[in-house]
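Please look over the structure shown here before reading on. The briefing is meant for someone who is meeting it for the first time.

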Amino acid sequence: MNLFNELIASEFTVGKFELAYVHLQDVLENANSLDDKFTAYSYKIKTFAEGENRDYNKGVVVGLQICKMYGTILPNSPKRTDLIQASVKLETKLRNRPLTVLSKLPRTEVPTVFRVLKEVQYYAVLEGNNDLAALITKKAICLSLQKNCISKDMVSILAMHVSLVLKDISKAKLAYAYANATEKTSEVFREDKGLYYQVQMELHGGIYPLLRPHRESMDPIINSHRPLLNAGNIEYAIGGGICYAQAWLCAGLPLNSPLL
């Protein structure tokens, strides 16, 4: 089973989507449990969303169906009442504690429904279904508190929500609260340098400079550049260089000094 999962991941990475789909279907037809099928289901979402036809909506629909199999039911088109109820449940679960309480939960390395939620949230944002993406964040936090564990996928869910909230600049303080929780939870998995420094890049290149002096973000940004390159995250590594130059200008530092 592990061999098939690695094969599916490799085929997907090199763009052989049809072949990956054939092999993941083999896994789904022959695996004995939902745990054994987990990786195949995760890549099934990806093949619909990022395959040759690139259908984000199909990826979301398939992802929600898979979430249901793992006990998490979400509507494709949330109503206002769904979002209000989710917010109330979240407040109840937090019990007046800050979002950073998530960083104090025991960590887990076991793939769980959070990975599927992360994928669905990502494609929901790309599709423009921001209400669903926001609902997924609230549901994921409640699940994490309920299960008393934190995973790497939860870190990514929180980071995505920061960028989502930040689309409305009037909600900068709310975005900052989620950003703080994202940073704290990423520190739980600091040995994963790709994840940790991507979070640093996203926060210090996005929300933090809105509420802090730009100079405070300069070192975290430039310190993320090399680890991101080493992790193969070229897009964020290049973005780090651009953000560093912008931070330098916004901080009012002399233009005749070297940037790097």
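The notes below go through the domains, the interface and some side-chain pairs.

This is a predicted model, in which local features need pLDDT of at least 70 and side-chain atom pairs count only at pLDDT 80 or more, while totals for chains, interfaces and linings use all residues. Residues are numbered from 1 along each chain as its sequence is written, and side-chain values use heavy atoms, with hydrogens and water left out.

**Domains**
- The protein chain is assigned domain 1 (1–54), domain 2 (74–189) and domain 3 (190–259), with bounds that come from an automatic or database domain assignment.
- Between the C-alpha centres of domain 1 and domain 2 the distance is 26 Å, and their contact (heavy atoms within 4.5 Å) takes six residues from domain 1 and nine residues from domain 2.

**Interface of domain 1 and domain 2**
- Together the two domains bury about 630 Å², of which 72% is on carbon and sulfur atoms; buried area is the accessible area (1.4 Å probe) that two parts lose on being put together, summed over both.
- Of the area that domain 1 buries against domain 2, 68% is supplied by F38, S42 and I45, more than by any other three residues.

**Salt bridges**
- The structure has six salt bridges, each defined as a side-chain nitrogen of Lys or Arg within 4 Å of a carboxyl oxygen of Asp or Glu.
- In the salt bridge of K46 with E119, the closest N and O atoms are 3.0 Å apart, and the count between domain 1 and domain 2 is one salt bridge.

**Aromatic pairs**
- There are 10 aromatic pairs, meaning rings of Phe, Tyr and Trp (its six-membered ring) whose centres lie within 6.5 Å, with planes under 30 degrees apart counted as stacked, over 60 as edge-to-face and the rest as tilted.
- Y41 and Y70 form an edge-to-face pair, at 6.3 Å centre to centre and 90° between the planes.
- Because Y41 lies in helix α3 (residues 34–50) and Y70 in the loop between α4 (56–69) and α5 (80–94), this pair ties together parts that are 29 residues apart in sequence.

**Surroundings of M160**
- M160 is placed in helix α8 (residues 152–165) and touches Q121, Y122 and V125, not counting residues up to four places away in sequence.

Note on methods: Helices (H or I, at least four residues) and strands (E, at least two) are DSSP runs, numbered from the N terminus.
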